[in-house]
Amino acid sequence: MKRLTGSVVVIICLIVINGCSGDAGNEIFKISDGDPVVLTHDLEYGMEEELKGVLEYDNETKCLYIKSTIKDDLNDSNVPIWPKGTTSYSENDLHGVNIPDHGIFLEGDTVEGGGGGVDVSNLESDCLEEGITFAITSIK
């Protein structure tokens, strides 16, 4: 009887551990299947690194990048991780995003705001291979 009780306890613990550790990282960061591909975050804290650059679209990968216009910026190309609820948007053959409460940004537009680098090593996307990931937490 003790063996059976011990086995049940071990099984319950494994279920709880597996359930808690499964996709926790994927709840914070998501990747859309649209064109363009949009990476989003659900971070609850602000970061203060300055972001200012031009939104660019890569036809081959369907990814968006922000090319920095900040003088002496060490990260000349950022992979934007947009705020939760951001969706892909296209208009007149231009690609971009629609950000809740901030509007539409299309390739060629300047994006200004703040945020910071984040670790998204648990995600797989061709977009993550070009530049530094940057979670945008504020937009001007």
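Start inside: about 30 Å³ of space lies in the largest cavity. A cavity here is a set of points, on a 1 Å grid over the protein atoms alone, where a 1.4 Å probe fits but cannot get out. The volume is the space filled by probe spheres set on the points, with grid points joined across faces, edges and corners.

Before you click around, remember that this is a predicted model, in which local features need pLDDT of at least 70, side-chain atom pairs count only at pLDDT 80 or more, and totals for chains, interfaces and linings use all residues. Residues are numbered from 1 along each chain as its sequence is written, and side-chain values use heavy atoms, with hydrogens and water left out.

**Stop 1**

Select Val37, Val38, Leu39, Leu64, Val79, Pro80 and Trp82, and you have the lining of the largest cavity; lining residues have an atom within 4 Å of a point. The structure holds one cavity of 30 Å³ or more. Which strand gives the largest share of the lining? That's strand β5 (residues 77-83), with three residues. Strands are DSSP runs of E with at least two residues, and helices are runs of H or I with at least four, numbered from the N terminus. Colour the lining by class and you get seven nonpolar, no polar and no charged residues. Nonpolar covers Ala, Val, Leu, Ile, Met, Phe, Trp, Tyr, Cys and Pro; charged covers Asp, Glu, Lys and Arg; the others, Gly among them, are polar.

**Stop 2: the whole chain**

Zoom out and switch to cartoon view. You'll find two helices and 10 strands, and from the N terminus on the order is α-α-β-β-β-β-β-β-β-β-β-β. Now colour by pLDDT, the predictor's confidence in each residue, from 0 to 100. The chain's mean is 82, and 81% of its residues reach 70 or more. Residues 1-26 have pLDDT below 50, and beyond near neighbours in sequence this stretch has three contacts in the model (contact means heavy atoms within 4.5 Å). Where pLDDT is low, the predicted coordinates should not be read in detail.

**Stop 3: glycine 116**

Next, pick glycine 116 in strand β9 (residues 110-117). Is glycine 116 buried or exposed? It is buried, because its relative accessible area is 4% and buried means under 20%, exposed over 50%, partly exposed in between (1.4 Å probe, protein chains only). Show its contacts, leaving aside neighbours within four places in sequence: Met47, Glu49, Thr133, Phe134 and Ala135. Then draw a C-alpha to C-alpha distance to leucine 51, which is 65 residues away in sequence and 8.5 Å away in space.

**Stop 4: a hairpin**

Select strand β7 (residues 94-99) and strand β8 (residues 103-106), which pair in the antiparallel sense over four bridges; pairing takes at least two DSSP bridges between two strands. Isoleucine 99 faces glycine 103 of β8. The two strands make a hairpin with three residues between them. Aspartate 101 is exposed, at 80% relative accessible area.

**Stop 5**

Asparagine 92 sits in the loop between β6 (87-91) and β7. Its phi is positive too, near 50°, and asparagine 92 counts as exposed at 69% relative accessibility.

Finish at proline 36, in the loop between β1 (29-31) and β2 (39-41). Look at the peptide bond joining aspartate 35 and proline 36: it is cis, with omega about 10°.

Technical notes. 1 Å grid on protein atoms, 1.4 Å probe; cavity = no way out; pocket = protein on both sides within 12 Å on 5 of 7 lines; lining within 4 Å.
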